[in-house]
Structures are given as structure tokens and as C-alpha cells.
Amino acid sequence: MTVHNLYIFDRNGACLHYSEWNRKKQAGISKQEEFKLMYGMLFSIRSFVSKMSPLDMREGFQCFQTSRYKLHFYETPTGLKFIMNTDLSVPNARETLHQIYSTLYVDYIVKNPLCSLGDPLQSDLFSARLDTFMKNLPYFNPRAA
Amino acid sequence: MADEALFQFLHSELIQYIYKSGANGETENGKNITKLEAMGFRVGQGLIERFTKETPRFKDELDVMKFICKDLWTCLFKKQIDNLRTNHQGIYVLQDNSFRLLSQLSAGKQYLEHAPKYLAFTCGLVRGGLSDLGLKSVVTAEVAGMPACKFQVMILKA
């Protein structure tokens, strides 16, 4: 049970924050390209899901899984996107991502007048608290495969 | 008291506004801090009138300082001052180990140079409160490591 990495994008597609805890294989492209790829893919998947859904949609795209990892997605009403890759044993992490938004992002970034919204997140306090929060998750175990 | 978040946002915006309307941001640092402190002074005067409507007269200076540390701080920041020290000759040091207006900024050294701006309003607040309770004073603040900060109050003998 482990969390691999976390991305935070704003509504214009700029990557505000990225941290990784347990990533064994890199993407093979530069970080900037990786962010663009991630954002572009999510944009496409969300629009695909909403168009092709055979029933009325409530939440929209929430997560996808492959044979090795699972990607969780959460978008706030203000357009902020939280993406977390974990291993397969984690159930839907929407609540966790929502908590990251409401307790960490709002408290330490929105309420910090020295951080302008839309810039990459520079507050050390935010990074430290995020790290602690992740490590306290019941499904975070750095030694897992 | 009104919602905490409302005041925090208003306070941050107030500081940014004062700094933007100063002609040269950096060189007028002192003037901006003075403006903020003056605003806090006027607010403090008004606040203290409201809070002490029902309280009996204060016995002495120390009593006034204790009121500021306990009741006023609780009403404003929902906590009391953590440490009050005095030399019994008019100098008081109020220490707050986790000042509400700084706790979201950082937990140590980051953004330290911006900290005084966020303390100026509160310094004025304390000075205004004391002035309406009959004590002329000078209030300064210093930050060693956020979010702890110290307010130094010097009572001026008439």
C-alpha cells in the first residue's frame, strides 16, 4: 500500500506542485513535458467520459487503474486539479484529495498573502505539512513494492 | 467576533493595498508600517471601548496588561498570550508562540523579512487599546522564527 506521487494543476494547466515518494521508473521526458502530458491526457479523458457516458453523470471521471498503479483525480469547483498515483490496493482516494485541498491548500496557500494564486507553490510550510499528511495516511508505506 | 477567515483575508489585502499605493514600495517601508500602525491604533481604541463596557475599573498597570493578554487576545485571536514578562518599571514583553496572523505564512525562516508588515496592525491595536485605558505607550514587535512573535510594550510616564 503506497502513494507514488502527487500533482497539483491550476485551471490554466500550469503545474503548481509535484512531489513523489516512491517512484521507481521515470517517464523518460523532461518534467515540463510530463506535466503537459498529464494535463492534456486528463483534459481529454474527462471530456471523453462525459460525452460517452451511457447514463447521466454525477461525479465524472474519478480514477483509472492499470495492472501496476491507480491514478486518482479530484477537481475543485475553482478548477484546481489534484492527481495522485497510488498502488492498486487503495480504494477511491477522493476524500483524501479533498482533504488535501481543504486543510492544506486552503490553509497554507490561499490564506498566505505572500503566495500569489497561479504561481508554483513555494511555501515550505505547505510542503512540510503535505509530506507529514501523506506519511500519516493509513495506506502509505514507503517500503512497499 | 466575526469569522476569522474574513478578518485574515481583509488584513492581508489591507497590507498589500498600502504597499501598492506607496510610491516606491521598498524605500517607503517605514511609512507604510506607520500607516498600518495608525490604522490599528484607531481600531484598537474602538475595540477596547466595546470590550470593557461591563468590566470594573482596573486596579493598576499590571491588571491592564493582564486584561490585554487574556481577554483582548482571546476575543481577537481565540487564544491567550503564552508568556507575559515585565521589569515592573513599565516594560512588558508579550510572547505569542503561534500568532494567528503568521501561522499560515511559514513555520520557521521562510518569508521572515515580510513578517513585520503583518505585525504592524496588531501593534497599533494594542497601543490604541492601552491609550483608551489611560496608558500612553510605545509598542514594537519582533519575530525570531515564525509563527512565534514578541510584542514589547513600553509604558510612557506622563
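Predicted model: local features only at pLDDT ≥ 70, side-chain atom pairs only at ≥ 80, totals over all residues.

Student: How many salt bridges does the structure hold over all chains?

Tutor: A salt bridge is a side-chain nitrogen of Lys or Arg within 4 Å of a carboxyl oxygen of Asp or Glu. Over all chains, 13 salt bridges are found. One of them joins A:Glu34 to A:Lys31, with the closest N and O atoms 3.5 Å apart.

Student: Where do A:Glu34 and A:Lys31 stand relative to each other in helix α1 of chain A?

Tutor: Helices are DSSP runs of H or I with at least four residues, strands are runs of E with at least two, and both are numbered from the N terminus. A:Glu34 and A:Lys31 are separated by about one helical turn, because they are three residues apart in helix α1 (residues 31-52) of chain A. Salt bridges with shared partners also join A:Glu20, A:Arg23, A:Lys31 and A:Glu34 into one network.

Student: Is A:Glu34 buried or exposed?

Tutor: Buried means under 20% relative accessible area, exposed over 50%, and partly exposed in between (1.4 Å probe, protein chains only). A:Glu34 is buried at 6%, whereas A:Lys31 is partly exposed at 33%.

Student: Which residue of chain B meets B:Lys157 in a salt bridge?

Tutor: The partner of B:Lys157 is B:Glu61, at 2.9 Å from N to O. This pair links distant parts of the chain, 96 residues apart: B:Lys157 is in the segment after β4 (149-155) of chain B, and B:Glu61 is in helix α3 (residues 61-77) of chain B. B:Lys157 is exposed, with a relative accessible area of 62%. Another salt bridge pairs B:Asp63 with B:Lys59 at 3.8 Å; B:Asp63 is partly exposed at 22%, and B:Lys59 is exposed at 73%.

Student: How is the interface of two chains described?

Tutor: The size of an interface is often given as the accessible area lost when the parts come together. Buried area is that loss (1.4 Å probe), summed over both parts. Chain A and chain B bury about 1,200 Å² between them, 62% of it on carbon and sulfur atoms. A:Lys111, A:Pro113 and A:Leu114 supply 53% of the area that chain A buries against chain B, more than any other three residues. Contact means heavy atoms within 4.5 Å, and here it takes twelve residues from chain A and 14 residues from chain B.

Student: How many salt bridges are counted between chain A and chain B?

Tutor: The count between chain A and chain B is zero.

Student: Where is B:Thr52 found?

Tutor: B:Thr52 is in the loop between α2 (29-51) and α3 of chain B, and is buried at 16% relative accessibility. A polar atom of its side chain lies 2.7 Å from the backbone oxygen of B:Ile48. Leaving aside neighbours within four places in sequence, B:Thr52 is in contact with B:Phe58, B:Phe67 and B:Leu133.

Technical notes: Residues numbered from 1 in each chain as written. Chains lettered and ligands numbered in written order. Heavy atoms only, no water. Buried area = accessible area lost by both parts, 1.4 Å probe. Polar contact = N/O pair within 3.5 Å; in protein donor to acceptor, adjacent residues only side chain to side chain.
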